[in-house]
Amino acid sequence: MMAALILVFSILVLLQFFVSYCRSLIVASSREPLSEEVQDVTGISRNPSADDFVRVVQLLRLCPERPEERGEIKAVGAYFRILGVLRSTVARLIPSVKSWADLERGQCTHFAAVVLGRRITFSRSLLAQQMDT
Amino acid sequence: MLGPFDYAVWFIGTLCEAAVVVCALRRKALRLYLFVNLYMAASVLLSLARFNVFESYGFSSPQYCYFYYYSDATLTILLYFALTSLFAKVFDEIGADHYVKYGAILLLLGTAIFSYGVVQQSSDKLLTKFVVEMSQNLYFVGMVLTYILWAAIMKLRETRTRLIQLVLALGIYFSLHAADYALRNLYPQMYSVYHVLTPLIGFFLPLAWAYAFWRLPEEARLATSRLAVIPR
């Protein structure tokens, strides 16, 4: 009984911390505008939508990975999936949750696009280094 | 016996812990977050010492068993002080950091007395049982304290991004550990799952802290209202 209580409590606390942690990652990138290059590659103009997330992540996988970004992409990817579950379950009962989840998922896409921009710049500098040597 | 997976986890885990101290050193944050880095440095040193004891006496030896549990208790106490130092940082601006320090010591003593009360009936290996009990209780106290700290951060509208991420990562780590502990008690037969899951939980904290030191400058700020699970 005690173990079950601890499990429920810890999962609730974990969800709260995880959501806030992912939002702290996303918020930092939300101020960064998307470069023209990223807009061209992804086809995203101003407000990224949740539908673009999978495509942007696929594009991310084509670029050389920066080790420090591996964890944050995985965390935001997990957050995106949790929001998807929330959208298809709770949001059917509470409509305001749907618009909130859509907004959050759009920000996840923006985050992924910002990381894509960083990776493109990183690839360019790698290529330039190789050309020099 | 340990397999290649266990060796890999041991090696990568130690590397991740060392990465935290290196990142903090490179970003000149070693003294700013002294106890956080002290905990990670001690984790690296004790991991190396554990490996030495393991090589000398073997995994099933009482020497390794004792060393493991006593070093684990030491690390838990250091992590508790790291959490206290984060508390002091948050409460520093309202001049309540001294109260936090005294309160933390009192709570540590209280946890020790409670743990002793739980194990005092044991006739043999009293000290070892006390150390294990205290370690488990401190983990749970740590999770509750991190939650209180998060509530204080939201209430006081703390804006330091690095500090916020260090606290959130600690909160995730403690709650993952508590969930792991509860699952082990509820479903002890799923040993093969915990064998993989528990070390993976251990990776999270050093990776998240290394990220916070490496990627976020001390001057970075964000509005805490944007982090609330229920939008304000």
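The buried residues of helix α2(B) are V36(B), N37(B), Y39(B), M40(B), S43(B) and L46(B), where buried means that 20 or more other C-beta atoms, placed from the backbone, lie within 10 Å of a residue's own, exposed that 12 or fewer do, and partly exposed anything in between. They pack against α1 (4-26), α3 (62-92), α6 and α7 of chain B; two residues are taken to be in contact if their C-beta atoms, placed from the backbone, lie within 7 Å. Helices (H or I, at least four residues) and strands (E, at least two) are DSSP runs numbered from the N terminus. The model is predicted, and local features need a pLDDT of at least 70, side-chain atom pairs count only at pLDDT 80 or more, and totals for chains, interfaces and linings use all residues. Residues are numbered from 1 along each chain as its sequence is written, while chains are lettered from A and ligands numbered from 1 in the order in which they are written.

Helix α2 of chain B covers residues 34-57, 24 residues in total, and reaches 34 Å from its first C-alpha to its last. That is close to the 34 Å expected at 1.5 Å a residue, the expected span being 1.5 Å times one less than the number of residues. After the helix comes G58(B), with a positive phi near 95 degrees. The phi of K28(B) is near 55 degrees, a positive value in a residue other than glycine. K28(B) is exposed, with 10 other C-beta atoms within 10 Å.

Turning to chain B as a whole, it has seven helices and zero strands, and its elements run α-α-α-α-α-α-α from the N terminus on. Its radius of gyration is 19 Å, close to the 17 Å that the globule rule gives for 232 residues, so chain B is as compact as a globular protein of that length. Here the radius is taken over C-alpha atoms, and the rule is 2.2 Å times the number of residues to the power 0.38. The C-alpha atoms of chain B fill a box of roughly 50 × 40 × 35 Å along the principal axes. Of its 232 residues, 32% count as buried. Among contacts in chain B with a separation of 6 or more, 70% involve residues 24 or more positions apart.

Chain A is helical too, with six helices and zero strands in the order α-α-α-α-α-α from the N terminus. Its C-alpha trace spans about 65 × 35 × 25 Å along the principal axes. Buried residues make up 30% of the 133 residues in chain A. Of the contacts in chain A between residues at least 6 apart in sequence, 78% join residues at least 24 apart.

How do the two chains meet? In the model, 26 residues of chain B are in contact with 22 residues of chain A. On the chain B side, the elements that give two or more residues are α5 (126-155), α6 (161-186) and α7 (191-215). Of these, α6(B) gives the most, with 15 residues. By class, this side of chain B has 19 nonpolar, five polar and two charged residues; Ala, Val, Leu, Ile, Met, Phe, Trp, Tyr, Cys and Pro count as nonpolar, Asp, Glu, Lys and Arg as charged, and the others, Gly among them, as polar.

The largest nonpolar core has 78 residues, and those with the most contacts inside it are V76(A), V167(B), A169(B) and W209(B). Such a core is a set of buried Ala, Val, Leu, Ile, Met, Phe, Trp, Tyr and Cys residues joined through C-beta atoms within 7 Å. Helix α6(B) gives the most to this core, with 14 residues. Leaving aside residues up to four places away in sequence, A169(B) touches Y21(A), L205(B), A208(B), W209(B) and A212(B).

Finally, a word on confidence, for which pLDDT is the predictor's score for each residue, from 0 to 100. Chain B averages 91, and 98% of its residues score at least 70; confidence there is lowest in α5(B), at a mean of 90, and highest in α2(B), at 96. Chain A averages 86, with 98% of the residues scoring at least 70. In chain A, helix α5 (residues 90-93) has the lowest mean, 82, and helix α3 (residues 53-62) the highest, 90. For the complex, the predictor gives an ipTM of 0.86 and a pTM of 0.88.
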